[in-house]
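Here is a short briefing for a first look. Please keep the sequence and the 3D view at hand.

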Amino acid sequence: MTQDELKTLVGQAALHYVEAGSIVGVGTGSTVNKFIDALATIKDTIAGAVSSSVASTERLQALGIKVFDATEVDELGVYIDGADEIDHAGYMIKGGGAALTREKIVAAQSRKFVCIADESKLVATLGSFPVPVEVIPMAAQRIARQFAPLGGTAVLRLKNGVPLVTDNGQHILDVTGLTIADPLAFESEVNQWPGVVTVGVFAFQKASVCLLGTENGVKTLVF
């Protein structure tokens with residue numbers, strides 16, 4: 001199967017975790033788009049969704065799914081999102097789609113995080129994928145320098161030749177050269193640096209379940 005077919009497979013499998021009458025936390029990205037398409041087939045059985053990005057909100061609404069603001073909902077039963085990398089403990093790198101801050105907020109609001117990904121995303125140790133860090137622009141250069149002692153090289157993410165601006169009005173650094181042996185400690189340290197909005201390591205908001213698309217079908221990992 002192609003990567004696109006694997007994404008469709010796990011997107012459909014995630015419907016199993018959607019409770020009737022519930023409000024569903026919905027992430028961002030190409031794999032999540034497949035889940036949103038699948039969710040549209042049962043839209044009359046759910047109350048709606050809370051979305052982690054403008055792009056996902058627009059897709060949900062276009063398919064006739066009501067989108068609630070996160071502030072309107074106390075708790076979500078499940079949050080379904082993809083990952084750029086996930087390890088065997090359920091820790092993830094996320095943010096390739098620039099929605100990491102809102103993704104982490106909705107994940108923290110949910111009782112269960114179901115990660116949907118193809119098997120290429122499963123790794124032994126996080127760090128091969130560049131770690132996204134959303135930053136306040138005035139702090140970007142200093143934060144970039146702070147990664148050097150950790151072995152990381154940080155570059156400002158650009159779009160059409162200018163700094164990408166997130167849905168929150170901030171910039172993103174992408175950090176290469178890291179080997180993240182202790183994701184909890186890494187997330188704790190970087191999140192404390194002044195000017196960091198969110199680091200794209202999801203250790204405190206790790207996955208509860210990962211639905212992994214493989215050539216032999218969907219493999220379920222429980223953490």
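Is Thr 28 buried or exposed? Thr 28 counts as buried, at 17% relative accessibility. Buried means under 20% relative accessible area, exposed over 50%, and partly exposed in between, using a 1.4 Å probe and protein chains only. This is a predicted model, in which local features need pLDDT of at least 70 and side-chain atom pairs count only at pLDDT 80 or more, while totals for chains, interfaces and linings use all residues. Residues are numbered from 1 along each chain as its sequence is written, and side-chain values use heavy atoms, with hydrogens and water left out.

**Around Thr 28**

- Thr 28 sits in the loop between strand 1 (23–26) and helix 2 (30–40). Helices (H or I, at least four residues) and strands (E, at least two) are DSSP runs, numbered from the N terminus.
- Its side chain makes a polar contact of 2.7 Å with the side chain of Ser 52. Another polar contact, of 2.9 Å, links the side chains of Thr 28 and Ser 53.
- A polar contact is a pair of N or O atoms within 3.5 Å; within protein, one must be able to donate a hydrogen and the other to accept it, and residues adjacent in sequence count only if both atoms are side-chain atoms.
- Not counting residues up to four places away in sequence, Thr 28 touches Ser 52, Ser 53, Ser 56, Asp 81, Ala 99 and Glu 103. Contact means heavy atoms within 4.5 Å.

- Thr 31 is found in helix 2. Thr 31 is buried, with a relative accessible area of 10%.
- Leaving out residues up to four places away in sequence, Thr 31 touches Lys 7, Val 10, Ile 116 and Ala 117.
- The axes of helix 2 and helix 3 (residues 54–62) come within 10 Å and cross at roughly 25°.
- On the helix 2 side, Asn 33, Ile 36, Asp 37 and Leu 39 make the contact; on the helix 3 side, Ser 56, Arg 59 and Leu 60 do.

**Nonpolar cores**

- The largest nonpolar core has 24 residues, and Val 131, Val 133, Phe 147 and Phe 186 have the most contacts inside it. Such a core is a set of buried Ala, Val, Leu, Ile, Met, Phe, Trp, Tyr and Cys residues joined through side-chain atoms within 4.5 Å.
- Strand 8 (131–135), helix 5 (140–146), strand 12 (171–176), helix 6 (183–191) and strand 13 (196–199) each supply at least two residues of this core.
- Apart from it lies another core, of 22 residues, among them Val 73, Tyr 79, Met 92 and Val 106.

Note on methods. Axes fitted to C-alpha atoms, helices over the stretch in contact; angles between N-to-C directions.
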